[in-house]
Structure formats: C-alpha cells, structure tokens
Amino acid sequence: MASIGMMDSAYFVGRNQILTWINNRLHLNLSRIEEAASGAVQCQMMDMTFPGVVPMHKVNFDAKTEYDMIQNYKILQDVFNKLKIDKHVEVSRLVKGRPLDNLEFLQWLKHYCDSVNGDIMNECATFSENYNPVERRAKIAKDRNHKCSQKSSISLQTNMNNSGSGNTLSPNRTSGAKQFRSNGAAGGVNSSVEIQALSKEITDLKSAVDLLEKERDFYFAKLRDIEILCQIPEVENVPMSIAVKKILYADDAKESALEEAQDYLNQTLNAMEAEADIEA
C-alpha cells in the first residue's frame, strides 16, 4: 500500500489540493507547502489516522531549526517502522524546505492516509468526529511549556544557591561598576547607530528573501503547468512528453537528466524514421 510508482495518480495531486487537505483535517491555515517542512503536520496526520501510535508529546510544532525538524522526522520514521510501512523519509531533503520535495512527500502521505481511511471507513469516521486537532496541539504545547517552566525554575534555584553570599560587592567591584556605567554612557550613541544599521540590514535581507520566494513560486508554478500538460491523455505517451517528464522527475543530484532525455528522444525518433523507411 505504501509503495507507489512515481507515475501513480497520487503524485499528480496539486499543491492547492494538498494544502486544502491539510488545512481542513488539522484546522490549520497553511498557504505554502514549505510551511509543513518541520514534520509536525505529518506526525499529526498519522496521529489522526492511527490514534495512540504517535508519541505526540515529543512532536515539536514550533520547530524552526533543522535539528528540531530532524527530531520530528525521526518520530515519524519510527512510527512508519512500527506500523511496518515501507517508506523511507528523506529527512535531509525535506528539512531544507524545498517545495517539490515536500510536495512529493505530502502527496504520498495523502494517498496513504486516504487508502487507510477507505479500508476502515467506519472506524475512521467515528474517530475523526472525536478527534480535535486544535485541542490536541494545545495539550502538547501546554505539556511542553510546563516542562520548560520546571527546568527554568530548577536552573534558577541552582544559580541562586551557588551565588551564596556573593551579593555583597567589594570596593573594587563597586568601582568597576561605576567605570562600566561611565563607559556605557559614552558608547550609547555608537550602540544606537549599530542597532539602526543592523535593523536596516535585517529589513533588506527580509526583502531579498521575499523576492526569492516569489521567484521560486513563479518557476514552480511554471513547472507544475508543464507537468499538467504532459499528463494530458492524448499526449502523455508522446516521446516529447516522456522526455520532458524524465527531466521533471529526475533526482536533484542527477546532472545527466537532460542528456538522458535527449538520448531517449533521439533513439525514439530514429526508430520511428527507420520504421517509416521500412513501411515505405
């Protein structure tokens, strides 16, 4: 059930349909595929499909760094192994947030969850009515904050105990504090200038990122349009369509995709010409 070919209809589901599926089931408001790159969404989808199997208290919905995202995907892979799902999670590619990689994985996940829900429709229908994804996430966040609060309290108490009677300042320390305040006042203007410069740099970087994201989405949409055209039944088996799909579906690390597509096209055209000469 988990192993499906790249030409399966599951991989022809568009990103808008995938986002609608995620938002409707988990009561989220994702607008881009990359927003699900942390792995938390995938974990909750499995939690909804197989209640009690996913250790949701370990899932970090606030994951921003690659390290935190990797931990979420480790949980997901463990769940797959536990359920004997033959699917390897390409963690190193997914955490980069690349739209095509994440879209492909979410297409597979939708296909799998839909197939499971179809097999046990009555049970899943009942469970879906009782499953509140918002409350589920809220409970996880509450438990996580409680643990963090406990750790902070213990750390603070330890620091206070270690400080002992060190609250009394010696004359040298008092003198040093006065000198520090004097130097701090003198450097206040420079600090203000540096803060303004850094703020402007951050603004410029955000603008650059926004432009890059728009450009990325622009070209992704074009690739998707080309893919849809190549999937039209009347032309999907035409040599040119097959050659184009060889490039679209090639691995990122595969630099010879264009050469392979050209070789396939040349061989096919030569075979067609030879067949035409024989018939003539």
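Which residues in α1 meet which residues in α2? In this predicted model, local features need pLDDT of at least 70 and side-chain atom pairs count only at pLDDT 80 or more, whereas totals for chains, interfaces and linings use all residues. Residues are numbered from 1 along each chain as its sequence is written, and side-chain values use heavy atoms, with hydrogens and water left out.

W21, I22, R25 and L26 of α1 meet V41, Q44, M45, M48 and T49 of α2, a contact being defined by heavy atoms within 4.5 Å. The axes of helix α1 (residues 15-26) and helix α2 (residues 40-49) lie 11 Å apart and form an angle of about 60 degrees. The arrangement of α1 relative to α2 is therefore oblique, the class left once angles under 35 degrees (roughly parallel), over 145 (roughly antiparallel) and 65 to 115 (roughly perpendicular) are set aside. The α1 and α2 crossing is left-handed, meaning that the near helix is turned anticlockwise from the far one by less than a right angle.

Helix α3 (residues 66-82) has 17 residues and should span 24 Å at 1.5 Å a residue, which agrees with the 24 Å between its end C-alpha atoms; the expected span is 1.5 Å times one less than the number of residues. Buried positions in α3 are M69, N72, Y73, I75, L76, Q77, V79 and F80, where buried denotes under 20% relative accessible area (1.4 Å probe, protein chains only). Just after α3, K84 adopts a positive phi of about 60 degrees.

Overall, the protein contains 11 helices and 0 strands, helices being DSSP runs of H or I with at least four residues and strands runs of E with at least two. Of its 280 residues, 30% count as buried.

Notes
Buried means under 20% relative accessible area, exposed over 50%, partly exposed in between (1.4 Å probe, protein chains only). Axes are lines fitted to C-alpha atoms, for helices over the stretch in contact, and angles run from 0 to 180 degrees between N-to-C directions.
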